[in-house]
Amino acid sequence: MLVRFWGTRGSLPTAMRSSEVRGKLIGALKAANGRHFQSDTDIGDFVDNELDFPIRATYGGASSCVELDGASDEYLVCDMGSGLREFGLDAIRRSRDGRGKTYNFFMSHLHWDHIMGFPFFVPAFDPDVTIRIFGGHKTIEQALRRQQEKISFPVPFDFLKARFEFTTLVPGEMAEVAGCRVELIRQHHDNDSYGYRFSCNGKSVVYSTDSEHKLEDRISIQRFVEIFRDADLVVMDTMYSLADAMSMKADWGHSSNVVAVDLCHRAKAKRLAMFHHEPIFDDNTIRKIHLDTIRYEELMRKESALEVLCAYDGFEVPL
Amino acid sequence: MNWTKDIRQGNIIVFPGEPVDHENAEDFESRLIPSVKEASRSGGSLIIDFHDVDYMTSVGLRALMMAAKEAEPTSVKILVTGMNETMREIFHISGFEKLFVIHESLESALDATAAT
């Protein structure tokens, strides 16, 4: 199975500014230090192997959209943030190559940054496409229709040609979708959000974003430890520092890198993918937080290591 | 949890005696918050000496945040000291180093309370 990140930014899509591109070019030329390269391949090797991530790449700025690929012929996607546009175009190409045209979406919640990619999801215009949308909220269809009302978007929902099915899931009950066993958990966020555990072909992936953890609520924390238990990958909202999440940004509905590591350690999860990056952070800042999180994991490790990854747009995690 | 207390120059000094994690964080908090109230009553500061605390997870840090919130409407200042390198890194990574005044030694912390 492959987990593919199409959008990893929190709250608001974020474009890189020219000044940041300039900083990357300066960093790359400084690292090259006048070196002469024989070919484009040599340059590519230098970029790939000798430049640190914030110089050679970017975490990207599309909002939440994550694909779980490989469990079946059907597509399985978490959230419809602005990363969904690019996923849709790639899926059209894959379906042209013979893949089926059934899409299964699991919605964390219906805040704008998690649904805004849907009006640009081109497969929705294909009459041969089936789109199944699952979530804990009963208002998913209403939210998607509302954002395509005339006052906000020129193409109304009813213009879409795909066949739609909406299914409300209940925490504690299991669903079987696209070759995966799916369990959901209600999360602390404005108007609730839902996290999901997908068990597919012997691998397990947890998608838990926009979730604030009230550490004094031991019962709730234990529920998350159980749903994270032995997961091969936990994708988790690590938007704020712990200090911010507990003080000025308390009740804003997000979590921190420190809580993510602590929960994954208690659950003996194998990998953590930091996700839902704060839009005001540039690549250097996110990289620093990633390195800090790796260090925190090392400091707090008691048993087997938790691999700490930092998701970026285009990142793929094979399981 | 292991916990000792001292009073010097009107300041409450507490010595948590073990690492703080989900096993003992409630106990840690249940001792810490009354210490803030005691410092408030005595008109002094609260000094937390982490000499015997090897590490602390998020639940322990939350208890510290609760103590800071308890102290906020009072005149109590919370100072921390005796931190090993691991605790310093945890404070740095979590952002807590911006929320608490960290002193190199208990004497330095006491001097700071005397100066105010």
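**Note on chains A and B**

1. Chain B holds 4 helices and 5 strands, helices being DSSP runs of H or I of at least four residues and strands runs of E of at least two, numbered from the N terminus. Along the sequence, the order in chain B is β-β-α-β-α-β-α-β-α.

2. This is a predicted model, in which local features need pLDDT of at least 70 and side-chain atom pairs count only at pLDDT 80 or more, while totals for chains, interfaces and linings use all residues. Residues are numbered from 1 along each chain as its sequence is written, and chains are lettered from A and ligands numbered from 1 in the order in which they are written.

3. The radius of gyration of chain B is 13 Å, which agrees with the value near 13 Å for a compact globule of 116 residues; it is taken over C-alpha atoms, and the rule is 2.2 Å times the number of residues to the power 0.38. The C-alpha trace of chain B spans about 30 × 25 × 25 Å along its principal axes.

4. In chain B, 44% of the 116 residues are buried (20 or more other C-beta atoms within 10 Å of the residue's own, with C-beta atoms placed from the backbone).

5. Chain B gives 17 residues to the contact and chain A gives 17 residues (residues are in contact if their C-beta atoms, placed from the backbone, lie within 7 Å). On the side of chain B, α2 (58–71) and α3 (85–94) are the elements that give two or more residues.

6. Helix α1 (residues 18–32) of chain A has 0 buried residues among its 15. Just after α1(A), A:Asn33 has a positive phi of about 50°.

Definitions and conventions:
A residue is buried if 20 or more other C-beta atoms lie within 10 Å of its own, exposed if 12 or fewer, and partly exposed in between; C-beta atoms are placed from the backbone. Two residues are in contact if their C-beta atoms, placed from the backbone, lie within 7 Å.
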